[in-house]
Amino acid sequence: MGVFFSSIQGILIIIGLIAVGYGLSALGWFSENSTRLIAKIVTQVALPTYMISTITKDFTADKLIKLLPNLAIPVISMTILIFISILLIKILKIDPKHKGLFASMFFNSNTVFVGLPVNMALFGEKSLPYVLVYYMANTTFFWTLGTYLIQMDGEIKGHFKLKTTLKKVFSPPLMGFIIGLILVMLHIQLPKFLMSDFEYLGNLTIPLSMIFIGISIYNAGLKNISFHKDNLAILFGRFICAPLLMAGLFLFIPASPLMRQVFIVQAAMPVMTNAPVVAKLYHADSDYAAIMVTETTLLSLIVVPIIMVLIK
């Protein structure tokens with residue numbers, strides 16, 4: 001029962017923060033412009049500084065080099081999930097307005113905002129290196145291919161422009177991630193005051209993202225939460241396909257029990273909380289993304305404890 005309640009607590013923290021955004025929105029605190037501003041602050045200020053602060057604080061060059069081979073496992077898993085999502089889009093005839101969001105939400109999981117507190121609650125600080133390894137792969141996939149797919153949903157399909165595409169791929173959060181890796185590998189230490197600024201700004205990421213999701217849920221309307229095929233397919237991807245695929249990979253790849261457990265839990269996390277933020281920023285269907293974040297986060301209250309019992 002201890003495992004069950006520990007996993008639930010990590011989810012409840014996130015739901016509580018989302019409820020704050022929902023409640024404030026119900027009180028009329030936010031306008032259309034203010035929600036766009038929150039999206040910009042999260043994606044262009046808070047997340048890049050969060051990347052730099054977290055990576056430089058929690059990693060050393062030796063640790064990065066030692067952990068680097070393990071990156072292949074989540075990379076393989078997410079690559080396979082991408083192809084599965086493409087097949088499902090065709091087979092299920094997913095709404096054309098949701099194709100990019102569907103694929104992105106299918107293969108990316110919430111490895112930091114939900115995954116980190118859940119794993120820390122379940123396994124303690126010893127799980128952190130494996131959490132961050134999965135996070136590296138997940139972050140790279142989301143802020144390159146995932147973000148690009150979401151942006152394509154919000155645009156009129158037209159001419160391919162290399163400059164525009166590169167600008168989309170090398171988004172501020174990914175650049176923050178890359179800068180953090182470079183600083184660690186080159187043993188560069190930024191001034192203490194600057195790192196403190198990055199940490200303070202980075203700490204805005206989780207609460208602002210959760211508040212934004214709460215606003216989006218209010219705007220979308222809880223009555224719109226449903227379980228039609230587009231939604232059910234995402235639930236299948238997040239809670240059945242992804243963890244089973246990860247568990248299957250470990251039949252062929254030797255790994256410590258802790259790494260196996262952390263990676264399976266990370267694979268089964270809810271939809272990325274940044275999906276509705278990015279969707280809003282690029283005029284895709286942020287309501288659909290917010291609803292999927294809500295559905296997967298709520299259902300993870302049931303799914304994560306079950307997975308923990310199965311893999312213990």
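Predicted model: local features only at pLDDT ≥ 70, side-chain atom pairs only at ≥ 80, totals over all residues.
Helix α2 (residues 32-58) packs against helix α11 (residues 205-220), with axes that come within 9 Å and cross at roughly 155°. Angles over 145 degrees count as roughly antiparallel, and α2 and α11 are therefore roughly antiparallel to each other. The crossing in which α2 passes α11 is left-handed. On the α2 side, the contact is formed by Thr 35, Ile 38, Ala 39, Ile 41, Val 42, Ala 46, Leu 47 and Tyr 50. The α11 side contributes Thr 205, Leu 208, Ser 209, Phe 212 and Ile 215. Sorted by class, the residues of the contact between α2 and α11 comprise 10 nonpolar and 3 polar, with no charged residues.

Helix α2 also takes part in the largest pocket, as one of the helices that each supply at least two lining residues; α9 (172-185) and α10 (192-202) do likewise. The volume of the largest pocket is about 330 Å³. Its lining consists of 16 residues, of which Thr 56, Lys 57, Ile 188, Gln 189 and Met 195 are the closest to the pocket centre. The greatest contribution to the lining comes from α10, which gives 4 residues. In terms of class, the lining of the largest pocket holds 7 nonpolar, 6 polar and 3 charged residues.

Two further contacts involve helix α13 (residues 257-267). With helix α15 (residues 286-311), α13 packs at an angle of about 155°, the axes being 10 Å apart. This angle makes α13 roughly antiparallel to α15. The crossing of α13 past α15 is right-handed. Arg 260, Gln 261, Ile 264 and Val 265 of α13 make the contact with Ile 307, Met 308 and Ile 311 of α15. The class composition of the contact of α13 with α15 is 5 nonpolar, 1 polar and 1 charged.

The other partner of α13 described here is helix α6 (residues 115-123); the axes of α6 and α13 come within 10 Å and cross at roughly 145°. The crossing of α6 and α13 is right-handed. From α6, the residues Gly 115, Val 118, Asn 119 and Phe 123 meet Leu 258, Gln 261, Val 262, Val 265 and Gln 266 of α13. The contact of α6 with α13 is made up of 5 nonpolar and 4 polar residues, and no charged residues are present.

How values were computed: Residues numbered from 1 in each chain as written. Heavy atoms only, no water. Axes fitted to C-alpha atoms, helices over the stretch in contact; angles between N-to-C directions. Parallel < 35°, antiparallel > 145°, perpendicular 65-115°, else oblique. Left-handed = near helix turned anticlockwise from the far one by under 90°. Contact = heavy atoms within 4.5 Å. Nonpolar A, V, L, I, M, F, W, Y, C, P; charged D, E, K, R; others polar. 1 Å grid on protein atoms, 1.4 Å probe; cavity = no way out; pocket = protein on both sides within 12 Å on 5 of 7 lines; lining within 4 Å. Points joined across faces, edges and corners; volume = space filled by probe spheres on them.
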